[in-house]
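Open your viewer and keep the sequence panel beside it. We will start with the whole chain and then zoom in.

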Amino acid sequence: MIAPQLPLSSRVAMVSTDLAEFSSYLAGSYCSHRTYLRDRDHRVDARHHRVPLAKLSLNYLQYGAEVHIDAGLFETFFMLELPLSGWTDLEHCGRAVRNQVGTATIVSPTEWVRSVWSADCGQRMVKISRSAVEKCAADMLGRGLTQPVVFEPLIELDGEPGRSIARLANFLFDQYEMDPGLLGERRVSNEIESALISLLLLGQPNNYSEALRASATGALPRHVKRALSYIEHNLREDITMEALVAVADVSARALYTGFERFVGTPPLLYIRNRRMEGVREALLEASAPTTVSELALEWGFTHLGRFSAEYRRRFQELPSETLRR
């Protein structure tokens, strides 16, 4: 009997029977992590196949032995995992999840993850740029994000929209197998990649789901719209809660509740995060000689050490690194 062809078999990136060697290689492609064999007498049959696209990459991964992986934080990417055989047990977002044929998982970059892979596990995996997901979410909402996007990890494939997410992800793999050149056309791959990201944001429960639904239906309450508009027009000014309450013409409690429900964060934290994004845009666009301190102060950040630390947590780089781009 002929063994089935593995996904992306023409794009083998790494094959190894040495777990330490393979883990060191994957650290360069994904992130630093620790991997252990359950039975040290077993040898791995590890392989990684990879096709890079614009906002994501297509991957096939197997270990060929039961392994335990402490991956920590992915930080810069989401990982959509679709098992073709075997199973993985994940600890992620405070939950224990078994991913197997008939389910899928999405790992969020800012939440710790550990996993166990069965010896027969092989997975199609879509590595998705964190910045692409956050930009898509911000575009859908019509405003900046106030916290990282975090998905519910388990995707059920026995109904919609989970089935559509898996179908579109698998289409990318199947299409590459049939016609690699078509996905190599940037205009084509960009559209399909954006569709997958949008489908994930709208279809898979996440911490912005309610706000995204409200934005799509135009259901954002009037008092929240008024407050958001006032913030955007006065972002560099000293905006107080009293001023927002007066503009929104509701009680402070009602405004706070509206922001928590439809924006996902309290009003003053939303303002701080929007100002952080404003500093980043200013740093990226700076042409005349300027300093990080000048721009931070201009946007209302007076404690520069705290600002720098918060900026690094948010954007995975120091503000001075952004300015040097």
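This is a predicted model: local features need pLDDT of at least 70, side-chain atom pairs count only at pLDDT 80 or more; totals for chains, interfaces and linings use all residues.

Residues are numbered from 1 along each chain as its sequence is written, and side-chain values use heavy atoms, with hydrogens and water left out.

**Whole chain.** Show the cartoon. The chain has 13 helices and 12 strands (DSSP runs, H or I of at least four residues for helices, E of at least two for strands, numbered from the N terminus). Of its 325 residues, 48% are buried (under 20% relative accessible area, 1.4 Å probe, protein chains only).

**H7 and H8.** Select residues 222–233, helix H7, and residues 241–248, helix H8. Their axes lie 8 Å apart, at an angle of about 130° (lines fitted to C-alpha atoms over the stretch in contact, with angles from 0 to 180 degrees between N-to-C directions). Now show side chains. H7 brings His 223, Arg 226, Ala 227, Tyr 230 and Ile 231 to the contact; H8 brings Ala 243, Leu 244, Val 247 and Ala 248. Contact here means heavy atoms within 4.5 Å.

**H9.** Move on to residues 252–262, helix H9. Which residues are buried in H9? Pick Leu 255, Gly 258, Phe 259 and Phe 262. Look down the axis: these buried residues fall within an arc of 95°, so they line one face of H9 (the arc is that of the directions from the helix axis to the C-beta atoms). Last stop: Gly 264 follows H9, with a positive phi near 95°.

Technical notes:
Buried means under 20% relative accessible area, exposed over 50%, partly exposed in between (1.4 Å probe, protein chains only).
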